[in-house]
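Try each task yourself before you follow the worked solution.

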Amino acid sequence: MDTATINKTSTLYKMLNQFELGNNISECLTCGACNSRCTWFNGEGGPLPRQIIRMAALGLDEQLVNSNMLWDCLLCNRCTQGCPMGISMDKVVRKARSLAIADDTIPKDIKIGIKNRIELGDVNALTTEEFVETVEWVSEEFVDEVDDPKAEIPHDIKGTKLLYLPNPRELGINLLHLTAMAKLFYATKETWTLSAHHTDVTNWGYFVGKDDIAKKMVLMVVEPAEALGVETLVLSECGHGYHALKYLMEDIIGRKPKFEVVSMPELIVRYAKKGVLKFDPGVHPYKIAYHDPCNIARKSGGYDAPRELLSMVCEGVVELIPNREDGVCCGGGGGILQDSTSKNKRMITGKPKADQMTATGLPNLATACLSCHRQLSELSNHYKLGIKVDTVASLASESLIL
Amino acid sequence: MKKTTPNILILGGGVAGMAAAQTFSDQDVAVHLVERESALGGHAAMWACMATDTCQNCGACLSIEMADQVQKQENVISHLDTIVETINKAKQGYKVILENKETFNVEKIIMATGFSLFNPVQINSLHYDEYKNVITTAELNTILQKETLSGYFNGKPDPKIAFIQCVGSRNREQGKDFCSQVCCKISMRHANKLTHLFPESDITLFYMDLQIIGKEVRPLFKTLSKNIALVQGVPAEILEDTETNMLTIVAEDKETQSRVSKAFDLIVLSVGMQPSPTLETTAGILGLKPNSWGFFNTDQAVLAEDVIIAGCANGPKDILSSKQDGRIAAAKVIEDLGLNTNNKLNIAVFGQGTQADQAAEIISSKGYSTYLFGPGTSLSKDTPVTFLNESNIISISGTAGNFSLYYESGNEKKYLTCAAIIAAFEPEQSLNRLENISNEFLSLDAFSQMIEKKPDTCPDNSVILLDYFGPEFKSFARLALKTSVKAKALGKNISIIMNKTLVHGALGQRLYDTARQQGVDFFRFETREDLKFEDSGNGFLIKLRETTLPSIELSLNCDCLVLPPSLTPAEGFKDAAALLRLPLDREGFLQSANTRHRLTRSSRKGIFFAGTCHDEIDKNDLDNEINDILSALSTESFELPDVDTGVEINQGMCAQCLTCIRVCPHSAIVMNKKNRPQIVANACFSCHLCVSNCPAYAIESKELTNDQIAQKVEKDKMVILACERSAALAAGSLTLPDHITLIPIPCACRISSDVILKALLNGASKVIISGCHEENCRSMEGSNIADASVRQVLSIPGMDASKVAWEPIAANETKKFERIISKARG
Ligand code: SF4
Ligand code: SF4
Ligand code: SF4
Ligand code: SF4
């Protein structure tokens, strides 16, 4: 049996005790509620949520850092959703991950990604030249597709109403998604732009819990956007990006940004409600299941926009059970998806999701996060579910009546 | 004759409201009682009987009897099926207009609007509205009453059942940072009942901190811990396995250190209490404001003069405490209105310590001549109490209103006549020692004194160890919490090692929350094996396998180890019980756990219990107990009224064998001046045990002689001799089939083998004796006596075993009554 000495002067203990009431781990009632709600369910391995909290509350930093729980946790906050003391697991785990003694535990890919982002401005080390080249090429294709010379994809224009912040994958292996989004922007008839300083909606500083890095990454989005003088920052479909740039924004940078932040589905719904965007649901003549990305739904309260949008572009939404605040994580959260060695583990963490997907009996499922999208598609393949996974905004683009 | 025209209003006909009404009625004070439902009784009347082989002292059946009694009171004007429309402040008191426009004026209002239960649909993840086999404690009660539980198990003899505690309680995020007080007891009783009904069942009770408090619950917990799985940690999610259709709960598995999924057939949510839905409106009308929980149990609530809150409107309470609260409220009104006409009598208080002192002081301050058989150390000498210290009581004879205490003081033997006796002895307090430890540890008392009086001597690191020698008594658990908060305020490190935190009382949970907020560390252990103690310098090293971190051995160093005392029955309790002619409870404390006389009374009228000699009580409870006793002293009749007890000794036939004096469970038969046994009317409960026991047949019953009973027997019909306060009430609303004759009897102890044989001789096709469950009989042994009589008859050679039966049926077991008669018929 492991032995440990309680240490109320530990770094983690001191950090966590600065939290206001409700997130102060010493307040844990040891009620055990969180233990019954971990997204891993009965999958082998994984966190024991209450043990994480208790280790933190007793200053057992080393035990926590050296346990599998530190990086097995998906930061989905499903466990503490019903916590009677309002404790949030993601805050605790991220603080633990931020400890200097945890540095060696950070997955290699995440380390590299953070380095690239901080030093080069993009997780995938995309340079400005590559960015301009890519966008201009996509733009040409797009102009041809819609057959309108005025449809070119703008970049680095000052004073537009909208600024699109893509997922790095949209500038790499998933260019079609960028085209699909461009089509929607085009149809809003608003001024919009991409920006060479805005290639990355993600924030891996959030995964490692290092506040300084997370803040730097947010400011890397905020400051150039303010310099461009845009009215609205539109986030590509990304769970933790939404959580960091919308829900936590003010906490992280300590002020309000000079622009409004919306997600792509939120933007589309807004213009659809104004009657500017029109959809043909006949393009998707079926009912579709919807997966709530934890970071958007439970952790930021963004439940409605994706559902509203899906019901405009398909025949209706079918809920996974459970859903919304009780939604089951796709199994790829908390940085695990970004770790290329995690595939086997992710098929365990995603098993409950796969079961949920099967239970709907439907061949189609949508989500509002490109990371979830990737994990869900892999689950569908791995477990041979035969379920096609789309993002909500791309479905909207397909249904768009120009 | 009524003393008043009714100028008191009781809102709510649940346990507290009925208890208040009965108290008024006993004093001939007329009241209005308004109840929303069409019957009196409240929630308690809908709850199932928890008896297994014996009564489990839940008190639910009492509410049926109370309703029956209150309805019969001329003094109580019941307005059923109605609510108050408005209440306006009048020049004096209030003008009340009911929904049906009936209008009257009252001077005082007792608000006993009760509670409602937390609706678990509010917690989505429990899927209460989706899964049929996720039910609440209230539903389990209904199911048990209707005897339909097996329907939930698809015929399985070995169902897997889970209880989840604290649903809708102890949750600050939901604004419910209070403990509902009763749900642990309810679920423990339920689980116990289920092990009885389904012996092969597999039951798990998931709890946060099991509230093992009180003389009824401690023995129950002992039994339960052998029969079911008690698991710390309350699951917050229930899912359904679509393949097996079983309900599943994910829980931490200690052995594998991972999460496992456990499957259940039925899951019972132990839902918390919240205010009655109408409370807000009613309070508004009266200008009252409840606290943020919606109750009136903290200072935050705003009260109004002339309105007294009683029962669960005053915060969650069990049935017996609600009853007590109702009585105290009524007594207060009676006193305020000066309606009290009882003479201030002599009262004797027994006890060596502060509890007896407190009782004596308060009783004397109300004008009773008080005699304290104890040193009264904590009382000032000008307290108007007569101190009879160093006196040895030799015997207590007589009855309520007229006890005669024979005692020895010095070499003198003396008599004292008194109306009532309050036993407030001190139990044995001792400090257990830990093995293998030679460094000095501190008693909790000394530690708390140190913090109060010499804070600068308080050590830097202290550990308080609770529950190590058995479930902690609540007063010590509370003192530990309070002391730890104070130590923390002094900047000291302090930890509490415990098996469970007791969060009783209105503010228990808040205090626990405060303690954690301030940094008091709490460690949980499951069994003693989880803890090891060693001396370390002048202090201690504690090695601990904590419940929440089972794979790590934690070390904890402290300068000071603090232990609470243990409370055990004092050596003298046996003698005291013999002197009082009242039984001890299962643990050897005074007073049986029988609900008929709890919380403070006894089967011997005029003898009361207060303090830790009879129950696990704290200061607050002691205040309530003393108030309850005062309410009895001021509202019950201790004089000798002309009541008809229905029993009489025919002195001509009496053989003076004194059997009756010996057997009377209420000690209501005394030797009179002529040296003859005499039944004292106001002490007699009319149980008729003397009638069935007198070997000379000298005690006559007016209406229930053996012959009279036998005459009621109809040929070829089944006879049910049913106790008036249990089985007959259960049968109450039923239309009995023609082949059944029901004969109400005052107590099952009325039944001797003579009665049964006579009934059979008169042609009864079958004789069923039915009364209270064992340990629920108001006359204590009725059930056993009836059972024994049945066995005696059955032992007669040639007796057909199917002809005679004993069936305990509580007042709330109507379905059981039906089952028994239909089985007997077929
Ligand atoms: S945050 Fe998610 S993965 Fe982490 S312990 Fe909680 S439920 Fe499990
Ligand atoms: S749910 Fe909250 S209070 Fe309960 S054990 Fe988990 S962290 Fe502690
Ligand atoms: S007999 Fe009455 S008090 Fe005893 S368990 Fe049954 S209902 Fe409760
Ligand atoms: S701890 Fe309190 S609220 Fe929770 S089940 Fe027990 S009595 Fe009820």
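**Exercise 1.** Work out how H4(B) passes H5(B): in which handedness do they cross, and at roughly what angle?

*Solution.* Keep in mind that you are looking at a predicted model.

Step 1: H4(B) passes H5(B) in a left-handed crossing.

Step 2: The axes of H4(B) and H5(B), the latter being residues 217-227 of chain B, come within 10 Å and cross at roughly 50 degrees.

Step 3: Angles from 65 to 115 degrees would count as roughly perpendicular and angles under 35 as roughly parallel. H4(B) and H5(B) are therefore oblique to each other.

Step 4: Now find the residues that touch. H4(B) brings Lys185(B), Met188(B), Arg189(B), Ala191(B), Asn192(B) and Thr195(B), while H5(B) brings Val217(B), Leu220(B), Phe221(B), Thr223(B), Leu224(B) and Asn227(B).

Step 5: Sorted by class, this contact has six nonpolar, four polar and two charged residues.

**Exercise 2.** Which elements give two or more residues to the shell around ligand 4?

*Solution.* Step 1: List the residues around the ligand. Among them are Gln165(B), Cys166(B), Cys183(B), Cys184(B), Asp209(B) and Gln211(B).

Step 1: The elements that give two or more residues are strand E10 (160-167) and helix H4 (183-197), both of chain B.

Step 2: Sort the shell by class: five residues are nonpolar, five are polar and two are charged.

**Exercise 3.** Describe how H8(B) and H13(B) pack: at what angle, and how far apart are their axes?

*Solution.* Step 1: H8(B) covers residues 354-365 and H13(B) covers residues 619-635; they pack at an angle of about 40 degrees, with their axes 10 Å apart.

Step 1: That angle makes H8(B) oblique to H13(B).

Step 2: H8(B) passes H13(B) in a right-handed crossing.

Step 3: The contact residues include Ala359(B), Ile362(B) and Ile363(B) of H8(B), and Leu622(B), Ile626(B) and Leu630(B) of H13(B).

Step 4: By class, the contact of H8(B) with H13(B) divides into seven nonpolar, two polar and two charged residues.

**Exercise 4.** Why does the pair of Phe350(B) and Phe425(B) tie together parts that are 75 residues apart in sequence?

*Solution.* Step 1: The structure holds 17 aromatic pairs over all chains. One of them is formed by Phe350(B) and Phe425(B), with 6.0 Å from centre to centre and 45 degrees between the planes, a tilted arrangement.

Step 1: Phe350(B) lies in strand E19 and Phe425(B) in the loop between strands E25 and E26 of chain B, so the pair links parts that are 75 residues apart in sequence.

Key: Residues are numbered from 1 along each chain as its sequence is written. Chains are lettered from A and ligands numbered from 1 in the order in which they are written. This is a predicted model: local features need pLDDT of at least 70, side-chain atom pairs count only at pLDDT 80 or more; totals for chains, interfaces and linings use all residues. Side-chain values use heavy atoms; hydrogens and water are left out. Axes are lines fitted to C-alpha atoms, for helices over the stretch in contact, and angles run from 0 to 180 degrees between N-to-C directions. Helices (H or I, at least four residues) and strands (E, at least two) are DSSP runs, numbered from the N terminus. Angles under 35 degrees count as roughly parallel, over 145 as roughly antiparallel, 65 to 115 as roughly perpendicular and the rest as oblique. A crossing is left-handed if the near helix is turned anticlockwise from the far one by less than a right angle, and right-handed if clockwise. Contact means heavy atoms within 4.5 Å. Ala, Val, Leu, Ile, Met, Phe, Trp, Tyr, Cys and Pro count as nonpolar, Asp, Glu, Lys and Arg as charged, and the others, Gly among them, as polar. A residue is near a molecule or strand if one of its heavy atoms lies within 4 Å of it. Rings of Phe, Tyr and Trp (its six-membered ring) pair if their centres lie within 6.5 Å; planes under 30 degrees apart count as stacked, over 60 as edge-to-face and the rest as tilted.
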